[in-house]
Amino acid sequence: MANQGPAYYSPYPAATYEGVITPPEGKALLLEDVVDEEIAMREIARVMLTSENATIFPGPQVLYGWNEEAKKKATLIKEMAEVLNAKMIPMYDYRPKYPKIDAEVEINPNHPNLTIWHNNIKAAIFIGVHCHYANVALKIVRAETDCYTIAICGLSGHEDAMATLRDQHSHELEKFIKIAKEVKAELGK
């Protein structure tokens, strides 16, 4: 069995070392604060609607129609992008493509900052990305860019995102789209 490395062994800061943990069931995380899910949804919609080059990064769990839930989520994510006036750049392949990726058309969890920098993205939603890859990508983006990151997760969320919604399935995505439409109207967008 390997010895464990010391805390702070990672070259990137980790939110858990700063005491930030994922929110409990029924709650969400905005920076370091645990809030009601609807409050977080409103803030996420506001940030996406007011940030330069807002982008959604859908991952393999929603890009490939491997079950009915994935197909439904994919349709809802497309609607979400339309409501938020957001671009979509897929994270369809996790294999490292060092030293070069085409940052115009894809994002890779091994160097997501390249896509963020290249496209000058100031707010981004990660959705349908397997948690272990989302954790790596969010730490790198957090450390290397000024992009406001949002994790919409089907499990317990991601503490390294600036905002995280947990247990998000089709019903919750429909709720988010409804709230985003309300916020869009309030902003006159």
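**Helix packing and loop residues in a predicted model**

Helices here are DSSP runs of H or I with at least four residues, strands are runs of E with at least two, and both are numbered from the N terminus. The model is a predicted one, so local features need pLDDT of at least 70 and side-chain atom pairs count only at pLDDT 80 or more, while totals for chains, interfaces and linings use all residues. Residues are numbered from 1 along each chain as its sequence is written, and side-chain values use heavy atoms, with hydrogens and water left out.

The axes of α4 (residues 112-119) and α5 (residues 131-144) come within 8 Å and cross at roughly 45°. Axes are lines fitted to C-alpha atoms, for helices over the stretch in contact, and angles run from 0 to 180 degrees between N-to-C directions. The two helices α4 and α5 are therefore oblique to each other; angles under 35 degrees count as roughly parallel, over 145 as roughly antiparallel, 65 to 115 as roughly perpendicular, and the rest as oblique. On the α4 side, Pro112, Asn113, Ile116 and Trp117 do the touching, and their partners in α5 are Ala137, Ile140, Val141 and Glu144, with contact meaning heavy atoms within 4.5 Å. Sorted by class, the residues of this α4 and α5 contact come out as six nonpolar, one polar and one charged. In this sorting, Ala, Val, Leu, Ile, Met, Phe, Trp, Tyr, Cys and Pro count as nonpolar, Asp, Glu, Lys and Arg as charged, and the others, Gly among them, as polar.

From α3, the contact takes in Glu69, Lys72, Lys73, Leu76, Ile77, Glu79, Met80, Glu82, Val83 and Leu84. Helix α6 brings Ser170, Leu173, Glu174, Phe176, Ile177, Ala180, Lys181 and Lys184. The class tally for α3 with α6 is nine nonpolar, one polar and eight charged residues.

Zooming out, the protein has six helices and seven strands, which run β-β-α-β-α-α-β-α-β-α-β-β-α from the N terminus on. Its radius of gyration is 16 Å, close to the 16 Å that the globule rule gives for 189 residues, so the protein is as compact as a globular protein of that length. The radius is taken over C-alpha atoms, and the rule is 2.2 Å times the number of residues to the power 0.38. Along the principal axes, the C-alpha atoms fill a box of roughly 50 × 35 × 35 Å. Of the 189 residues, 48% count as buried, where buried means under 20% relative accessible area, exposed over 50% and partly exposed in between (1.4 Å probe, protein chains only). As for contacts between residues at least 6 apart in sequence, 65% join residues at least 24 apart.

Now for some individual residues. The loop between β4 (87-88) and α4 holds Asn108, which counts as buried at 0% relative accessibility. Not counting residues up to four places away in sequence, Asn108 touches Asp93, Tyr94, Arg95, Pro96, Lys97 and Ile101. The C-alpha atoms of Asn108 and Lys97, eleven residues apart along the chain, sit 7.8 Å from each other. Ile101 is also found between β4 and α4 and counts as buried at 10% relative accessibility. With the sequence neighbours up to four places away left out, Ile101 touches Glu106, Asn108, His111 and Thr115.

Over in strand β3 (residues 55-58) lies Thr55, buried at 0% relative accessibility. Thr55 touches Met48, Ala86, Lys87, Met88, Ile89, Ile121, Ala123, Ala124 and Ile125, again skipping residues up to four places away in sequence.

Leu31, in the loop between β1 (27-30) and β2 (33-36), has phi near 55°, a positive value in a residue other than glycine. At 52% relative accessibility, Leu31 counts as exposed. Asn120 is in the loop between α4 and β5 (123-127) and has a positive phi near 50°. At 32% relative accessibility, Asn120 counts as partly exposed.
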